[in-house]
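Open the structure in a viewer and keep the sequence panel beside it.

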Amino acid sequence: MNIGVDAAAFGMANAVIASSSNVNSGYWNPAGLVNLEDNQLALMHASYFANIANYDYGAFAMPLDDQSAIALSVIRFGVDDILNTTQLIDEQGNIDYNRISLFSTADYGITFSYARRLPLEGLDLGVNAKVIRRIIGDFASSWGFGLDAGLQYRTGNDWMFGVMVRDITTTFNAWTIDEDEFATIQNAVPGQNQELPETTEITIPKLQLGMGKKWVFHYDFALLAEVDLNFRFAETNDIISSSFASITPAVGLEFGYIDMIFVRGGVGNFQNITQLDGSDSVGFQPNIGVGFKYKGIAIDYALTDIGDQSAALYSNVFSLTLDWSIFR
């Protein structure tokens, strides 16, 4: 649930908390859903870790009236056809390749979103209810639940402000472990896997603040700029870090021509990195992207690292957004 969605957002280094205003707002900031003028559908697929894992996303959003909207988002991150070699050696100590089986591991995130305009003009509120499902073959599975909340405020001169609190109540995952399956690997390596793992997993809250503005030049040209601050309430390698919270900024730009052709760029994920010689340096993640929109069909592309820039190679990410107006 931390990777993100939508190639347009990836191209802007995920700096979209204040400006997100379509079906993908269900992930970035549900308050932005009230800007929908019609039903929308979004789809995205990306490969991860040199095509070992698949990351898939689909979402549907619809306005209820001119004051409220709802959305449903589904994310799957999975690795399929993993070789299960725990039974490779039979009771006589012989290697038997026929004893190898396959299994999959996958994480699912299902988000139900609701957004509503508040009495103060320009101020919108959105909330998410999340269901988390995690499966590791026949070995273990878990269910989790969490809540997000977001605000957006837009002024008459195109300034935008956003607040997003993820896992506001702390998201809990409760694991169920198949003890019979666990017993088959309990003594596979002497001294390892002797005790059942912890069965409770928690995700602590995260806070995101965003500020952006859109400029229009000669009616045909537009520039959207946004700066976000991402807070994690734990000590990490973020460039600003303490025992209470860690902060990393993100900056994104989008240049548009006649609301049809878009070029995007951004930089984020600033981290303190310790080099092999013991010295410290600051690392960051650049992103670029382009987009094309015509009559309710938007196709976006981003060259980005969809996760942790220190562990994965850059990926080519494509996403599709359909506005229901094309069917009318």
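Buried means under 20% relative accessible area, exposed means over 50%, and partly exposed lies in between, with a 1.4 Å probe and protein chains only. The model is predicted, so local features need pLDDT of at least 70 and side-chain atom pairs count only at pLDDT 80 or more, while totals for chains, interfaces and linings use all residues. Residues are numbered from 1 along each chain as its sequence is written, and side-chain values use heavy atoms, with hydrogens and water left out.

**Stop 1: a salt bridge and its network**

Select Asp 167 and Lys 206. Their side chains meet in a salt bridge at 3.3 Å, N to O; the term stands for a side-chain nitrogen of Lys or Arg within 4 Å of a carboxyl oxygen of Asp or Glu. Lys 206 sits in strand 10 and Asp 167 in the loop between strand 7 (159-166) and strand 8 (171-177), so the pair ties together parts that are 39 residues apart in sequence. Helices (H or I, at least four residues) and strands (E, at least two) are DSSP runs, numbered from the N terminus. Asp 167 counts as buried, at 5% relative accessibility, and Lys 206 is buried as well, at 13%.

Lys 130, Asp 148, Asp 167 and Lys 206 are linked in a network of salt bridges. Side chains of opposite charge can pair when their charged atoms come close.

**Stop 2: two cavities**

How many cavities of 30 Å³ or more does a search of the whole structure find? There are two. On a 1 Å grid over the protein atoms alone, a cavity is a set of points where a 1.4 Å probe fits but cannot get out; a pocket is an open set with protein on both sides within 12 Å along at least five of seven lines, and lining residues have an atom within 4 Å of a point. Grid points are joined across faces, edges and corners, and a volume is the space filled by probe spheres set on the points.

The largest cavity holds about 60 Å³ of space. Select its lining: Met 1, Gly 26, Tyr 27, Ser 73, Ile 75, Gly 109, Thr 111, Asn 128, Lys 130, Asp 148 and Arg 166. Helix 2 (25-28), strand 3 (68-84), strand 4 (101-117) and strand 5 (123-136) each give two or more residues to this lining. By class, the lining of the largest cavity has three nonpolar, five polar and three charged residues. Here Ala, Val, Leu, Ile, Met, Phe, Trp, Tyr, Cys and Pro count as nonpolar, Asp, Glu, Lys and Arg as charged, and the others, Gly among them, as polar.

Next select Met 1, Asn 2, Lys 130, Arg 166, Asp 167 and Lys 206, which line the second largest cavity. About 40 Å³ of space lies there. Its lining divides into one nonpolar, one polar and four charged residues.

**Stop 3: two further salt bridges**

The whole structure has eleven salt bridges. Select Arg 264 and Asp 300, where the closest N and O atoms are 2.9 Å apart. Arg 264 is in strand 14 and Asp 300 in strand 16 (residues 297-304), 36 residues apart. Are these two residues buried or exposed? Both Arg 264 and Asp 300 are buried.

Then select Arg 76 and Asp 80, a salt bridge with its closest N and O atoms 3.0 Å apart. Arg 76 counts as buried at 18% relative accessibility, whereas Asp 80 is partly exposed at 34%.

**Stop 4: the second largest pocket**

Select Ser 21, Asn 22, Glu 254, Asp 259 and Lys 293. Of the 43 residues lining the second largest pocket, these lie nearest its centre. The pocket holds about 1,100 Å³ of space. Its lining divides into 21 nonpolar, eleven polar and eleven charged residues.

**Stop 5: two single residues**

Select Val 5, in the segment before helix 1 (7-11). Val 5 is buried, with a relative accessible area of 0%. Its C-alpha atom is separated by 10.0 Å from that of Ala 59, 54 residues apart along the chain.

Finish at Asp 65, in strand 2 (residues 53-65). Asp 65 counts as partly exposed, at 41% relative accessibility.
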